[in-house]
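Hi,

Here is the structure I said I would pass on.

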Amino acid sequence: MSTTAVKKNKKTKVRGKPPMSTQNRWLLVILLGPALAFLVAFVVYPIIYSLYRSTFDSRGDGFVGIGNYVKVFTDPQTFTAFKNNIIWVLVAPLVCTILGLIFAVLMEKIAWATAFKLIIFMPMAISMLAAGIIFRTAFQQNPDIGMANAITVTIKEFFSSGSHYPDARLRASEEFSSFEQQETGGEILSTSEFGPGDVALIPLIGIAPEHIGDDPVPAVPSQAQDRAVTGTVWLDFIPGGGGETGHIDAGKPGLGGITIHATDGSGNDYEAVTADDGTFAFEGVTEPLTLSVPASNFTSGPTGINWLGPDLITPVMILAYVWIWAGFAMVMIGSGLSAIDRSLQEAARTDGASEWQVFRHITVPQLMPVIMVVIVTLMINVLKIFDLVYVIPPGSSKQEAEVLATRMWTVSFGGGNDQGLGSALAIVLLILVIPFMLINIRNFRRGGQR
(Lines give C-alpha, C1' and ligand atoms only; values in the text may rest on other atoms or scores of the structure.)
Protein backbone atom coordinates (compact mmCIF):
# COMPACT_ATOMS: atom_id res chain seq x y z
CA MET A 1 0.00 0.00 0.00
CA SER A 2 1.39 3.42 -0.90
CA THR A 3 2.21 6.13 1.63
CA THR A 4 -0.54 8.36 0.20
CA ALA A 5 -3.20 5.66 0.77
CA VAL A 6 -2.06 5.22 4.39
CA LYS A 7 -2.37 8.95 5.02
CA LYS A 8 -5.89 9.00 3.55
CA ASN A 9 -6.94 6.11 5.78
CA LYS A 10 -5.58 7.87 8.85
CA LYS A 11 -7.45 11.06 7.97
CA THR A 12 -10.64 9.11 7.48
CA LYS A 13 -10.26 7.48 10.88
CA VAL A 14 -9.62 10.84 12.59
CA ARG A 15 -12.55 12.63 10.95
CA GLY A 16 -15.07 9.86 11.46
CA LYS A 17 -17.41 10.01 14.49
CA PRO A 18 -18.37 6.85 16.32
CA PRO A 19 -22.12 6.23 16.40
CA MET A 20 -23.85 7.35 19.60
CA SER A 21 -24.96 4.50 21.77
CA THR A 22 -28.50 4.22 23.10
CA GLN A 23 -27.23 4.83 26.62
CA ASN A 24 -25.55 8.07 25.58
CA ARG A 25 -28.69 9.20 23.78
CA TRP A 26 -30.79 8.70 26.91
CA LEU A 27 -28.12 10.53 28.95
CA LEU A 28 -28.28 13.42 26.50
CA VAL A 29 -32.08 13.55 26.80
CA ILE A 30 -31.90 13.48 30.60
CA LEU A 31 -29.34 16.28 30.75
CA LEU A 32 -30.69 18.53 28.01
CA GLY A 33 -34.39 17.68 28.26
CA PRO A 34 -35.25 19.90 31.25
CA ALA A 35 -33.28 22.81 29.80
CA LEU A 36 -35.01 22.45 26.43
CA ALA A 37 -38.42 22.19 28.08
CA PHE A 38 -37.69 25.31 30.13
CA LEU A 39 -36.47 27.12 27.00
CA VAL A 40 -39.62 26.22 25.05
CA ALA A 41 -41.98 27.07 27.89
CA PHE A 42 -40.46 30.39 28.95
CA VAL A 43 -38.81 31.70 25.77
CA VAL A 44 -40.11 30.15 22.56
CA TYR A 45 -43.79 29.94 23.51
CA PRO A 46 -44.01 33.53 24.89
CA ILE A 47 -42.39 34.88 21.72
CA ILE A 48 -44.76 32.96 19.43
CA TYR A 49 -47.82 33.88 21.50
CA SER A 50 -46.80 37.56 21.67
CA LEU A 51 -46.42 37.62 17.90
CA TYR A 52 -49.87 36.04 17.56
CA ARG A 53 -51.47 38.33 20.17
CA SER A 54 -50.03 41.43 18.52
CA THR A 55 -52.33 40.87 15.52
CA PHE A 56 -55.50 41.23 17.63
CA ASP A 57 -57.22 44.19 19.26
CA SER A 58 -57.25 45.07 22.96
CA ARG A 59 -60.00 42.53 23.74
CA GLY A 60 -58.24 39.76 21.84
CA ASP A 61 -61.19 38.76 19.66
CA GLY A 62 -60.80 41.14 16.73
CA PHE A 63 -58.09 40.50 14.15
CA VAL A 64 -56.33 43.76 13.21
CA GLY A 65 -53.30 42.42 11.31
CA ILE A 66 -50.49 44.98 11.41
CA GLY A 67 -52.78 47.63 12.90
CA ASN A 68 -51.02 47.54 16.27
CA TYR A 69 -47.63 47.95 14.58
CA VAL A 70 -48.94 50.96 12.67
CA LYS A 71 -50.12 52.39 15.98
CA VAL A 72 -46.68 51.79 17.50
CA PHE A 73 -44.96 53.93 14.87
CA THR A 74 -47.61 56.69 14.81
CA ASP A 75 -48.26 57.18 18.54
CA PRO A 76 -46.51 60.37 19.85
CA GLN A 77 -45.90 58.84 23.28
CA THR A 78 -44.27 55.78 21.72
CA PHE A 79 -42.10 58.14 19.66
CA THR A 80 -40.93 59.72 22.93
CA ALA A 81 -40.08 56.24 24.23
CA PHE A 82 -38.08 55.52 21.05
CA LYS A 83 -36.21 58.81 21.41
CA ASN A 84 -35.35 58.10 25.04
CA ASN A 85 -34.18 54.59 24.16
CA ILE A 86 -31.83 56.06 21.55
CA ILE A 87 -30.40 58.43 24.17
CA TRP A 88 -29.94 55.53 26.58
CA VAL A 89 -28.20 53.35 23.97
CA LEU A 90 -25.86 56.11 22.81
CA VAL A 91 -24.90 57.53 26.21
CA ALA A 92 -25.14 54.97 29.04
CA PRO A 93 -23.02 52.10 27.58
CA LEU A 94 -20.33 54.49 26.34
CA VAL A 95 -20.03 56.32 29.68
CA CYS A 96 -20.01 53.04 31.63
CA THR A 97 -17.31 51.57 29.38
CA ILE A 98 -15.08 54.67 29.51
CA LEU A 99 -15.33 54.81 33.30
CA GLY A 100 -14.74 51.06 33.52
CA LEU A 101 -11.62 51.40 31.37
CA ILE A 102 -10.30 54.25 33.53
CA PHE A 103 -11.02 52.36 36.75
CA ALA A 104 -9.42 49.17 35.43
CA VAL A 105 -6.23 51.01 34.54
CA LEU A 106 -6.20 52.82 37.89
CA MET A 107 -6.42 49.49 39.71
CA GLU A 108 -2.91 48.69 38.48
CA LYS A 109 -1.51 52.04 39.60
CA ILE A 110 -2.77 52.34 43.17
CA ALA A 111 -1.80 50.45 46.31
CA TRP A 112 -5.33 49.97 47.67
CA ALA A 113 -6.71 48.31 44.52
CA THR A 114 -8.85 45.79 46.43
CA ALA A 115 -10.69 48.48 48.40
CA PHE A 116 -11.07 50.53 45.22
CA LYS A 117 -12.64 47.59 43.35
CA LEU A 118 -14.96 46.92 46.28
CA ILE A 119 -16.20 50.52 46.37
CA ILE A 120 -16.80 50.71 42.62
CA PHE A 121 -18.39 47.27 42.32
CA MET A 122 -20.55 47.54 45.45
CA PRO A 123 -23.55 49.18 43.68
CA MET A 124 -23.90 45.99 41.60
CA ALA A 125 -25.05 44.27 44.80
CA ILE A 126 -27.98 46.71 45.10
CA SER A 127 -31.17 45.94 43.21
CA MET A 128 -32.33 48.34 40.51
CA LEU A 129 -35.44 49.07 42.58
CA ALA A 130 -33.43 50.06 45.64
CA ALA A 131 -31.02 52.12 43.52
CA GLY A 132 -33.99 53.93 41.97
CA ILE A 133 -35.35 54.83 45.40
CA ILE A 134 -31.92 56.06 46.49
CA PHE A 135 -31.55 58.35 43.48
CA ARG A 136 -35.15 59.58 43.63
CA THR A 137 -34.56 60.63 47.24
CA ALA A 138 -31.12 62.11 46.59
CA PHE A 139 -32.41 64.31 43.74
CA GLN A 140 -35.56 65.64 45.43
CA GLN A 141 -36.08 69.34 44.76
CA ASN A 142 -36.54 70.07 48.47
CA PRO A 143 -32.97 70.70 49.76
CA ASP A 144 -34.02 69.43 53.20
CA ILE A 145 -34.55 65.98 51.63
CA GLY A 146 -32.46 65.77 48.47
CA MET A 147 -28.69 65.62 48.91
CA ALA A 148 -27.99 67.02 45.42
CA ASN A 149 -30.05 70.15 46.02
CA ALA A 150 -28.71 70.54 49.56
CA ILE A 151 -25.23 70.84 48.02
CA THR A 152 -26.51 73.07 45.20
CA VAL A 153 -28.30 75.49 47.53
CA THR A 154 -25.30 75.64 49.89
CA ILE A 155 -23.00 76.61 47.02
CA LYS A 156 -25.48 79.20 45.73
CA GLU A 157 -25.86 80.74 49.18
CA PHE A 158 -22.08 80.90 49.55
CA PHE A 159 -21.72 82.99 46.38
CA SER A 160 -24.96 85.00 46.67
CA SER A 161 -24.97 88.38 48.36
CA GLY A 162 -27.44 89.69 50.92
CA SER A 163 -30.21 88.00 52.84
CA HIS A 164 -33.62 86.97 51.67
CA TYR A 165 -36.93 87.61 53.40
CA PRO A 166 -39.71 86.01 51.31
CA ASP A 167 -43.11 87.74 51.26
CA ALA A 168 -41.90 90.71 53.32
CA ARG A 169 -44.00 93.84 52.91
CA LEU A 170 -43.91 97.43 54.11
CA ARG A 171 -45.91 98.31 57.22
CA ALA A 172 -48.84 100.39 55.98
CA SER A 173 -48.99 103.50 58.17
CA GLU A 174 -49.39 107.24 57.71
CA GLU A 175 -46.28 107.70 59.81
CA PHE A 176 -44.24 105.94 57.11
CA SER A 177 -45.82 107.51 54.06
CA SER A 178 -42.34 108.43 52.84
CA PHE A 179 -42.13 104.89 51.44
CA GLU A 180 -44.44 102.81 49.30
CA GLN A 181 -44.22 99.26 47.99
CA GLN A 182 -44.88 98.45 44.35
CA GLU A 183 -47.68 95.95 43.79
CA THR A 184 -45.76 94.40 40.90
CA GLY A 185 -42.41 92.97 41.93
CA GLY A 186 -42.52 94.13 45.56
CA GLU A 187 -39.84 96.84 45.32
CA ILE A 188 -40.03 99.53 48.03
CA LEU A 189 -39.48 103.14 46.83
CA SER A 190 -39.20 106.37 48.75
CA THR A 191 -41.88 108.93 47.92
CA SER A 192 -39.67 111.79 49.10
CA GLU A 193 -35.99 112.59 49.15
CA PHE A 194 -33.64 112.16 52.14
CA GLY A 195 -30.94 114.76 52.61
CA PRO A 196 -27.74 114.66 54.71
CA GLY A 197 -28.61 114.20 58.38
CA ASP A 198 -31.99 112.54 57.65
CA VAL A 199 -32.95 109.15 59.07
CA ALA A 200 -35.00 106.66 57.01
CA LEU A 201 -37.16 104.19 58.93
CA ILE A 202 -38.37 101.12 57.00
CA PRO A 203 -40.59 98.78 59.08
CA LEU A 204 -41.41 95.43 57.47
CA ILE A 205 -43.92 92.72 58.33
CA GLY A 206 -44.98 89.33 56.94
CA ILE A 207 -41.67 87.57 57.47
CA ALA A 208 -41.80 83.96 58.71
CA PRO A 209 -39.79 83.19 61.90
CA GLU A 210 -37.53 80.67 60.12
CA HIS A 211 -36.17 83.50 57.95
CA ILE A 212 -35.23 85.57 61.00
CA GLY A 213 -33.22 82.92 62.83
CA ASP A 214 -33.36 81.50 66.32
CA ASP A 215 -31.39 84.34 67.94
CA PRO A 216 -31.94 87.55 65.93
CA VAL A 217 -30.09 90.77 66.75
CA PRO A 218 -32.43 93.43 68.19
CA ALA A 219 -33.07 96.41 65.95
CA VAL A 220 -31.26 99.64 66.83
CA PRO A 221 -32.54 103.16 66.00
CA SER A 222 -30.11 104.73 63.58
CA GLN A 223 -28.49 108.01 64.64
CA ALA A 224 -28.47 111.06 62.41
CA GLN A 225 -25.08 111.97 60.94
CA ASP A 226 -23.80 115.00 59.09
CA ARG A 227 -23.09 114.43 55.40
CA ALA A 228 -24.82 111.01 55.61
CA VAL A 229 -28.25 109.47 55.17
CA THR A 230 -28.84 106.78 57.77
CA GLY A 231 -31.72 104.45 58.55
CA THR A 232 -32.97 101.20 60.03
CA VAL A 233 -34.85 98.25 58.55
CA TRP A 234 -36.56 96.08 61.14
CA LEU A 235 -39.35 93.55 61.63
CA ASP A 236 -42.19 95.55 63.15
CA PHE A 237 -43.66 92.62 65.02
CA ILE A 238 -43.14 90.92 68.37
CA PRO A 239 -44.23 87.26 68.74
CA GLY A 240 -47.02 87.08 71.29
CA GLY A 241 -47.85 90.77 70.92
CA GLY A 242 -46.55 93.89 72.56
CA GLY A 243 -44.72 97.00 71.47
CA GLU A 244 -45.99 99.98 69.52
CA THR A 245 -46.64 99.78 65.81
CA GLY A 246 -44.06 101.68 63.82
CA HIS A 247 -41.58 102.02 66.67
CA ILE A 248 -38.31 100.21 67.25
CA ASP A 249 -39.20 98.56 70.55
CA ALA A 250 -37.24 96.01 72.53
CA GLY A 251 -37.74 92.51 71.11
CA LYS A 252 -38.13 93.64 67.52
CA PRO A 253 -35.33 92.13 65.39
CA GLY A 254 -33.21 94.03 62.95
CA LEU A 255 -33.10 92.74 59.38
CA GLY A 256 -29.50 92.34 58.33
CA GLY A 257 -28.15 91.75 54.85
CA ILE A 258 -30.77 93.81 53.01
CA THR A 259 -29.39 95.70 50.01
CA ILE A 260 -30.56 99.31 49.66
CA HIS A 261 -29.99 101.49 46.62
CA ALA A 262 -29.92 105.28 46.42
CA THR A 263 -29.72 107.85 43.64
CA ASP A 264 -29.03 111.60 43.90
CA GLY A 265 -30.13 114.37 41.59
CA SER A 266 -26.90 114.18 39.58
CA GLY A 267 -27.52 110.57 38.68
CA ASN A 268 -24.93 109.10 41.08
CA ASP A 269 -25.80 105.68 42.43
CA TYR A 270 -25.10 104.43 45.96
CA GLU A 271 -25.52 101.07 47.61
CA ALA A 272 -25.57 100.01 51.25
CA VAL A 273 -26.22 96.75 53.07
CA THR A 274 -27.92 96.67 56.46
CA ALA A 275 -25.96 95.42 59.45
CA ASP A 276 -27.29 92.63 61.67
CA ASP A 277 -29.15 95.21 63.76
CA GLY A 278 -30.84 96.60 60.63
CA THR A 279 -28.93 99.89 60.43
CA PHE A 280 -27.43 101.32 57.25
CA ALA A 281 -25.73 104.54 56.15
CA PHE A 282 -24.91 106.39 52.93
CA GLU A 283 -21.87 108.46 53.83
CA GLY A 284 -20.36 111.41 52.01
CA VAL A 285 -23.73 112.55 50.71
CA THR A 286 -23.99 116.13 49.48
CA GLU A 287 -27.34 115.98 47.68
CA PRO A 288 -30.74 114.56 48.64
CA LEU A 289 -31.18 110.86 47.86
CA THR A 290 -34.06 108.78 46.57
CA LEU A 291 -33.98 105.39 48.30
CA SER A 292 -35.18 102.01 47.07
CA VAL A 293 -35.22 98.51 48.52
CA PRO A 294 -34.97 96.08 45.53
CA ALA A 295 -37.45 93.21 45.28
CA SER A 296 -34.52 90.78 45.19
CA ASN A 297 -34.40 91.12 48.98
CA PHE A 298 -37.87 89.60 49.21
CA THR A 299 -37.34 86.49 47.11
CA SER A 300 -37.02 83.02 48.57
CA GLY A 301 -33.27 82.98 47.93
CA PRO A 302 -31.35 80.19 46.21
CA THR A 303 -33.56 77.22 45.40
CA GLY A 304 -32.83 73.69 44.32
CA ILE A 305 -32.75 72.48 40.74
CA ASN A 306 -35.71 70.45 39.53
CA TRP A 307 -33.59 67.38 38.79
CA LEU A 308 -36.64 65.11 38.50
CA GLY A 309 -38.46 67.47 36.14
CA PRO A 310 -39.16 66.65 32.48
CA ASP A 311 -35.94 68.27 31.23
CA LEU A 312 -33.41 66.49 33.48
CA ILE A 313 -35.09 63.22 34.43
CA THR A 314 -33.39 61.13 31.72
CA PRO A 315 -29.83 62.29 32.63
CA VAL A 316 -30.54 61.52 36.30
CA MET A 317 -31.70 58.00 35.43
CA ILE A 318 -28.65 57.43 33.22
CA LEU A 319 -26.45 58.62 36.10
CA ALA A 320 -28.10 56.02 38.35
CA TYR A 321 -27.48 53.34 35.73
CA VAL A 322 -23.81 54.34 35.35
CA TRP A 323 -23.40 54.26 39.13
CA ILE A 324 -24.57 50.64 39.15
CA TRP A 325 -22.96 49.24 35.99
CA ALA A 326 -19.57 51.00 35.90
CA GLY A 327 -18.33 48.30 38.28
CA PHE A 328 -19.34 45.58 35.83
CA ALA A 329 -17.41 47.29 33.02
CA MET A 330 -14.41 47.72 35.32
CA VAL A 331 -14.28 44.02 36.23
CA MET A 332 -14.73 42.85 32.63
CA ILE A 333 -12.07 45.20 31.25
CA GLY A 334 -9.81 44.48 34.21
CA SER A 335 -9.88 40.77 33.40
CA GLY A 336 -8.95 41.57 29.81
CA LEU A 337 -6.21 43.89 30.99
CA SER A 338 -4.61 41.11 33.02
CA ALA A 339 -4.35 38.94 29.89
CA ILE A 340 -2.75 41.40 27.45
CA ASP A 341 0.84 41.11 26.24
CA ARG A 342 2.92 43.27 28.61
CA SER A 343 6.05 42.96 26.49
CA LEU A 344 4.56 45.35 23.93
CA GLN A 345 4.05 47.99 26.59
CA GLU A 346 7.58 47.61 27.90
CA ALA A 347 8.98 47.79 24.37
CA ALA A 348 7.07 50.99 23.72
CA ARG A 349 8.32 52.56 26.97
CA THR A 350 11.86 51.54 26.08
CA ASP A 351 11.48 53.32 22.75
CA GLY A 352 10.51 56.51 24.60
CA ALA A 353 6.71 56.40 24.39
CA SER A 354 4.83 58.30 27.08
CA GLU A 355 2.24 56.59 29.29
CA TRP A 356 -0.58 58.20 27.30
CA GLN A 357 0.90 56.92 24.03
CA VAL A 358 1.29 53.42 25.53
CA PHE A 359 -2.31 53.50 26.74
CA ARG A 360 -3.70 54.83 23.46
CA HIS A 361 -1.67 52.81 20.93
CA ILE A 362 -0.86 49.60 22.84
CA THR A 363 -3.30 48.98 25.72
CA VAL A 364 -6.59 50.09 24.16
CA PRO A 365 -6.14 48.19 20.84
CA GLN A 366 -5.40 44.98 22.74
CA LEU A 367 -8.46 45.53 24.92
CA MET A 368 -10.77 46.35 22.02
CA PRO A 369 -12.40 42.86 21.81
CA VAL A 370 -13.29 43.03 25.52
CA ILE A 371 -14.43 46.64 25.23
CA MET A 372 -16.75 45.72 22.35
CA VAL A 373 -18.27 42.87 24.37
CA VAL A 374 -18.90 45.24 27.30
CA ILE A 375 -20.44 47.94 25.11
CA VAL A 376 -22.74 45.56 23.25
CA THR A 377 -23.79 43.81 26.49
CA LEU A 378 -24.68 47.15 28.06
CA MET A 379 -26.55 48.19 24.91
CA ILE A 380 -28.72 45.08 25.18
CA ASN A 381 -29.25 45.87 28.84
CA VAL A 382 -30.34 49.47 28.32
CA LEU A 383 -32.64 48.61 25.43
CA LYS A 384 -34.82 46.73 27.89
CA ILE A 385 -34.24 49.01 30.90
CA PHE A 386 -37.34 49.13 33.09
CA ASP A 387 -36.71 49.31 36.84
CA LEU A 388 -35.01 52.70 37.06
CA VAL A 389 -37.44 54.31 34.61
CA TYR A 390 -40.38 52.96 36.58
CA VAL A 391 -39.15 54.04 40.03
CA ILE A 392 -37.23 57.32 39.71
CA PRO A 393 -39.53 59.69 37.75
CA PRO A 394 -42.36 61.35 39.71
CA GLY A 395 -45.83 61.40 38.18
CA SER A 396 -45.27 64.75 36.47
CA SER A 397 -42.28 63.38 34.53
CA LYS A 398 -43.46 59.84 33.77
CA GLN A 399 -44.38 60.49 30.14
CA GLU A 400 -41.17 62.38 29.32
CA ALA A 401 -39.06 59.59 30.89
CA GLU A 402 -40.73 56.57 29.25
CA VAL A 403 -38.75 54.01 27.27
CA LEU A 404 -40.06 51.10 25.22
CA ALA A 405 -40.14 48.65 28.13
CA THR A 406 -42.13 50.97 30.41
CA ARG A 407 -44.37 51.97 27.50
CA MET A 408 -45.08 48.30 26.85
CA TRP A 409 -46.05 47.79 30.51
CA THR A 410 -48.17 50.95 30.60
CA VAL A 411 -50.30 50.12 27.57
CA SER A 412 -50.68 46.50 28.67
CA PHE A 413 -51.19 46.64 32.44
CA GLY A 414 -50.68 50.21 33.65
CA GLY A 415 -54.10 51.50 32.70
CA GLY A 416 -54.11 51.02 28.94
CA ASN A 417 -55.41 47.42 29.09
CA ASP A 418 -54.39 46.88 25.47
CA GLN A 419 -52.40 43.66 25.37
CA GLY A 420 -52.47 43.72 21.57
CA LEU A 421 -50.52 46.97 21.40
CA GLY A 422 -48.32 45.85 24.29
CA SER A 423 -47.47 42.61 22.45
CA ALA A 424 -46.57 44.60 19.35
CA LEU A 425 -44.22 46.76 21.43
CA ALA A 426 -42.67 43.59 22.89
CA ILE A 427 -42.00 42.21 19.40
CA VAL A 428 -40.51 45.53 18.27
CA LEU A 429 -38.25 45.54 21.33
CA LEU A 430 -37.20 41.95 20.59
CA ILE A 431 -36.34 42.85 17.00
CA LEU A 432 -34.20 45.75 18.25
CA VAL A 433 -32.32 43.52 20.70
CA ILE A 434 -31.61 40.61 18.31
CA PRO A 435 -28.87 42.37 16.22
CA PHE A 436 -26.92 43.26 19.36
CA MET A 437 -27.26 39.68 20.62
CA LEU A 438 -25.86 38.35 17.33
CA ILE A 439 -22.94 40.78 17.53
CA ASN A 440 -22.19 39.63 21.06
CA ILE A 441 -22.36 35.94 20.08
CA ARG A 442 -19.94 36.60 17.24
CA ASN A 443 -17.55 38.41 19.59
CA PHE A 444 -17.68 35.52 22.07
CA ARG A 445 -16.92 33.03 19.31
CA ARG A 446 -13.98 35.07 18.09
CA GLY A 447 -12.68 35.23 21.64
CA GLY A 448 -13.04 31.44 21.97
CA GLN A 449 -11.13 30.82 18.75
CA ARG A 450 -8.24 32.89 20.03
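Let's start with Lys109 and Glu355, whose side chains come together in a salt bridge, 3.9 Å from N to O. Keep in mind as you read that this is a predicted model. The two partners are 246 residues apart, so to find them look for Lys109 in the loop between α4 and α5, and for Glu355 in helix α10, which covers residues 355-383. Lys109 has a relative accessibility of 54%, and because the cut-off for exposed is over 50%, Lys109 counts as exposed. Glu355 comes out at 44%, and therefore counts as partly exposed.

There is a bit more going on around that pair. Salt bridges with shared partners connect Lys109, Glu346, Arg349 and Glu355 in one network. In total, the structure has 10 salt bridges.

The other spot I'd point you to is Asp236. Is Asp236 buried or exposed? Its relative accessible area is 2%, and because anything under 20% is called buried, Asp236 is buried. One of its salt bridges is with Arg171, at 3.1 Å from N to O. Asp236 sits in the loop between β5 (228-235) and β6 (259-264), while Arg171 is in the loop between β1 (169-170) and β2 (179-181), so this bridge ties together parts 65 residues apart in sequence.

Asp236 also forms a salt bridge with Lys252, and here the closest N and O atoms are 2.5 Å apart. Both of these residues are in the loop between β5 and β6, 16 residues apart. Lys252 is buried, as is Asp236.

For α4 (residues 76-107) and α5 (residues 113-121), the angle is about 160° and the axes are 9 Å apart. Angles over 145 degrees count as roughly antiparallel, and α4 and α5 are therefore roughly antiparallel to each other. The crossing of α4 past α5 is left-handed.

Which residues meet where α4 and α5 pack? From α4 there are Phe103, Leu106 and Met107, and from α5 there are Ala113, Phe116, Lys117 and Ile120. Sorted by class, this contact has six nonpolar residues, one charged residue and no polar ones.

That's what I have for now.

Cheers

Conventions. Residues are numbered from 1 along each chain as its sequence is written. This is a predicted model: local features need pLDDT of at least 70, side-chain atom pairs count only at pLDDT 80 or more; totals for chains, interfaces and linings use all residues. Side-chain values use heavy atoms; hydrogens and water are left out. Axes are lines fitted to C-alpha atoms, for helices over the stretch in contact, and angles run from 0 to 180 degrees between N-to-C directions. Helices (H or I, at least four residues) and strands (E, at least two) are DSSP runs, numbered from the N terminus. Angles under 35 degrees count as roughly parallel, over 145 as roughly antiparallel, 65 to 115 as roughly perpendicular and the rest as oblique. A crossing is left-handed if the near helix is turned anticlockwise from the far one by less than a right angle, and right-handed if clockwise. Contact means heavy atoms within 4.5 Å. Ala, Val, Leu, Ile, Met, Phe, Trp, Tyr, Cys and Pro count as nonpolar, Asp, Glu, Lys and Arg as charged, and the others, Gly among them, as polar. A salt bridge is a side-chain nitrogen of Lys or Arg within 4 Å of a carboxyl oxygen of Asp or Glu. Buried means under 20% relative accessible area, exposed over 50%, partly exposed in between (1.4 Å probe, protein chains only).
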